[in-house]
Amino acid sequence: MSVSMRDLDPAFQGAGQKAGIEIWRIENFRPVPVPQSSHGKFFTGDSYVILKTTALKNGALRHDIHYWLGKDTTQDESGTAAIKTVELDAALGGRAVQYREVQGHETERFLSYFKPCIIPQEGGVATGFKHAEAEEHKTRLFVCRGKHVVHVKEVPFARSSLNHDDIFILDTKSKIFQFNGSNSSIQERAKALEVVQYIKDTYHHGKCDIAAIEDGKLMADSETGEFWGFFGGFAPLPRKTASEEDKNVGIYPTKLLRVEKGQIETIGDEPLTRDLLDTNKCYLLDCGAEVFVWMGRSTPLDDRKSASSAAEELIHSPDRPHSHIIRLIEGFETVVFRSKFDSWPQTTDVAVTEDGRGKVAALLKRQGLNVKGLMKASPVKEEPQPYIDCSGHLQVWRVNGQEKILLQSADQSKFYSGDCYIFQYSFPGEDKEEYLIGTWFGKKSIEEERASALSQVSKMVESLKFLPVQARVYEGNEPIQFFSIFQSFIVFKGGLGEGYKRYIAEKEIPDETYKEDGVALFRVQGSGPDNMQAIQVEPVASSLNSSYCYILHSGSSVLTWYGNLTTSENQELVERQLDLIKPNVQCKTQKEGAESEHFWELLGGKSEYPSQKIAQNSESDPHLFSCFFSKGNLKVTEIHNFSQDDLMTEDIFILDCHSAIFVWVGQQVDSKMKMHALTIGEKFLEHDFLLEKLSREAVIYVVMEGSEPPFFTMHGNSFQRKLTIIKHGGTPTIDKPKRRTPVSYGGRSSVPDKNQRSRSMSFSPDRVRVRGRSPAFNALAANFENPNARNLSTPPPVVRKIFPKSVTPDSAKLASKSSAIASIGSTFERSPPTREVMIPKSIKVSPEAPKQNSEPNNKENSMSSRIESLTIQEDVKEGEAEDEDGLPIHPYDRLKTTSTNPVAEIDVTKRETYLSSAEFREKFGMTKDAFYKRGEQMEAFLDIFGEFRPT
């Protein structure tokens, strides 16, 4: 696309550089920014351009542009808004999806930006913004529709506006009534209550009464009588009449139209294929309720504007239902658009790179405009963390036909690829025992035993009243929580079960079950002693990989092979796994490139092998769906910009994180439907609603409301709970659970001294792992944790600074004050510390994991707080100035090594700590926190600075 600066409005300078919402109102044919304090306030006589910027997990920014047209806006203003939307897209690199929004017919995506609702006000810029008179409150009647986002529309204040299907809000001077139609759902009622709260806060300053009126209750109570009194007394309600928005558009035929020089030409009807779209053209896909404007990447800006105008004309043609216009660029088509085509390739020939955005950024920069944020940001790399208590009790069964066989503790971490297993892990919760029950399916396991495993797990979960979290895990797709529970995990070839033996006999397949005296090759992987695996692979050279270490044995001969890209930590895992596979046997080390002939003989000769690590299913940006499951058919509705309030206790939801999905089941869901929760998850993977290539073997968790694990602490909503809160005022009160204080655990380091390292792997039952949320829910938590949301029962994970120590809610604030001093002694003298690791759990699991005594914890917390207080107090003397962190401060001239009046009684190796925050920023060009995050770069920085380090 050719871009010219004359086509880009200066009001869009710097737009879309960071996550959030930006709004412009069209005034005199120009976009004018709307202050953030006025976001969500729309006037019926105006047109607006709204930009939603979302930061993705891969570091990129996604842009969605909407232009909203009030019912009284002029044609000139609406046309300007449409054109400015195209210009804004061009300024952002030409890859945003654009939506046309008309008052009263907004998309759910748009309404999700302004929860709980938008209620446009009369007036506009052309009429001087007429505001409702504050002296006299006007009684108004609103109709509310929607389960997840609410469409609010003012209707005539008359009995004839009421019906049995919808929910109505009557806003009077002293009281707000919510009338619940008898055919409305409990979810709709709960969402409408959020609108009631909004009206109460916005138009009544939070001071008025609330009443809920049930359709069909007649005059049973005074509030019901009061409500009907506004309508002249009770009378039967009329049947709901079909309005314009209720017209059925499902039978509207899909048509593909080409736009050239402003003229529309029909290309074809269904079926449609991707080959019909030319990158040099613009097209309209008319689906009735939606009209898509598809713009080829090589089309000029004028052609795109012309196609947008053609779409506007199309939707205003007579005898057509109301339609949304959605504009998108080639290569960035939405799932809904692609689903309209019978044939859509997974990859196209379009070069979807950063080049287009880079050219736009360079063009804007030459014009002197700020282009920060236009280019793709570097993704934040996070090491996966399990965040699950590993001090619990583990039981494992191997499935054998329709039965399950309990494994001895010595065999609990040894699985066979041809078998199925059931595991039950229990650990102490905040006020009760928590359970994780799941299945593990080997790659070569048979379908009959998989079905048997699921059936038995279902009965186990049901016997515990659906309290446990249920997991379905396939070999090769294990989550970090699974490995952390087992800690040391081995997968052997073959199987021990009757089903596997019978299957290979029937198929006349050679039995490849592992034999201790045979030739076997194991790939060793993992991140540390608390997460390490040995996977048996084919004993051939092509199974090697330069990024891994291997164990090769043949009878009593044992060899270890270290790839050139492995680290000392990787090699240490080999030593630990040898303790389990071949204990008390001497081994010979083979380094890549210096192997012995015997090594290659055991593998059948040399051959080529890869060097890059095996790719794991990565997590993607989360998507939340509400589910409707009936007669084996699953229908889902995506909830945009979701928050905790979107979880309804009467519904089932799916959180899609790509590498794993979580099926959340509300407490009020029918018990029969609860039994189908895992099936719903399997159906979701099968349909792949977002066309994101979901693996059918992705991990599925089933989570029941009220029994969420530590990494899923949310509470579903209910109509009655919301009604109580709104009627009696205040905010929802959720008891914050008591949290165990993290304590340090003993044991050998990840790379112990070779002379002291023992082959025995003991494990202390007193060790406690810090609990928190899994990586799959870190992205979810980002959506759930916002200033307007209720408090979650689990606080976000605490980011440790330098010294690992107990951090409690009461001491967190104090700890932040001493973090700078605490960090100096460790950070400036050595490289950043490695993550604490746990000694691998022994192959013997204690049947009863001892529970912690809360009294010692309290004493420990108290002592920790006292120590921290003393640390600060002894560094801050009476009369000394302190910075905002409570640390003593001294001027720069007295701290530098060349000072003629140096400060006494300071640590001369840590002079920069005593600078004030303002002077620190002035001298170093950054804040203290930012400086300390530099790790090993700090010392070099101070050396360059010179005056803070003696020469």
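# Reading burial, pairing and packing in a predicted model

A search of the whole structure, which is a predicted model, finds 0 disulfides.

User: Why is Cys-549 called buried?

Analyst: Its relative accessibility is 1%. Buried means under 20%, therefore Cys-549 counts as buried.

User: What is Cys-587 called, buried or partly exposed?

Analyst: The relative accessibility of Cys-587 is 23%. Partly exposed covers the range between the buried limit of 20% and the exposed limit of 50%, so Cys-587 counts as partly exposed.

User: How much of the whole chain counts as buried?

Analyst: Of the 951 residues of the protein chain, 51% count as buried. The accessible surface comes to about 45700 Å², and 49% of this area belongs to carbon and sulfur atoms. The chain holds 22 helices and 32 strands. Among contacts with a separation of 6 or more, 68% are between residues 24 or more positions apart.

User: Where does Cys-549 stand in the sheet, and what is opposite it?

Analyst: Strand β25 covers residues 549-554 and runs antiparallel to strand β26, residues 557-562, with 6 bridges joining them. Cys-549 stands opposite Tyr-562 in β26.

User: How do you know that β25 and β26 are paired?

Analyst: Two strands pair if at least two bridges are found between them. β25 and β26 are joined by 6 bridges, so the pair meets that condition.

User: What makes β18 and β27 edge strands?

Analyst: The strands belong to an open sheet of 7 strands in the order β18-β22-β24-β23-β25-β26-β27, with mixed pairing. β18 (414-416) and β27 (588-591) each have a single partner strand, so one side of each is left without a neighbour in the sheet. From one strand to the next, the twist averages 20°. Helix α11, residues 568-581, packs on this sheet and touches β18, β22, β23, β24, β25 and β26, while its direction makes about 125° with that of β23.

User: Which strands stand at the edges of the sheet of 5 strands, and why?

Analyst: That open sheet has the order β7-β6-β8-β9-β10, again with mixed pairing. β7 (151-155) and β10 (209-214) stand at its edges because each has a single partner strand, which leaves one side of each without a neighbour in the sheet. The twist here averages 25° from one strand to the next.

User: In which sense do β9 and β10 pair, parallel or antiparallel?

Analyst: Strand β9, residues 175-180, pairs with β10 in the parallel sense over 6 bridges. Lys-175 stands opposite Asp-209 in β10. Helix α4, residues 222-229, packs on the sheet and touches β8, β9 and β10; the direction of α4 makes about 95° with that of β9.

User: How do you know that the buried residues of α10 line one face of the helix?

Analyst: In helix α10, residues 498-507, the buried residues are Gly-499, Tyr-500 and Ile-504. Seen down the axis of α10, they fall within an arc of 125°, so they line one face of the helix. These buried residues pack against α8 (447-463). The face turned away from the buried side carries the exposed residues Ala-505 and Glu-506. Just after α10, Glu-508 takes a positive phi of about 55°.

User: Why is Arg-327 called buried?

Analyst: Arg-327 has 1% relative accessibility, under the 20% limit, and therefore counts as buried. Arg-327 lies in strand β15, residues 324-329. Beyond its neighbours up to four places away in sequence, Arg-327 touches residues including Tyr-67, Val-97, Met-295 and Ser-308. Arg-327 and His-66 are 261 residues apart in sequence, with 9.9 Å between their C-alpha atoms.

User: What makes Gln-395 partly exposed?

Analyst: The relative accessible area of Gln-395 is 24%. This value lies between 20% and 50%, so Gln-395 is partly exposed. Gln-395 lies in strand β16, residues 393-400. Not counting residues up to four places away in sequence, Gln-395 touches Leu-406, Gln-412, Ile-422, Phe-423 and Gln-424.

Conventions. Residues numbered from 1 in each chain as written. Predicted model: local features only at pLDDT ≥ 70, side-chain atom pairs only at ≥ 80, totals over all residues. Heavy atoms only, no water. Helix = DSSP H or I, 4+ residues; strand = E, 2+ residues; numbered from the N terminus. Buried < 20%, exposed > 50% of the residue type's maximum accessible area, 1.4 Å probe, protein only. Contact = heavy atoms within 4.5 Å. Areas by Shrake-Rupley, 256 points an atom, 1.4 Å probe, with all protein chains shown as cover. Axes fitted to C-alpha atoms, helices over the stretch in contact; angles between N-to-C directions. Disulfide = S-S within 2.5 Å. Arc of directions from axis to C-beta.
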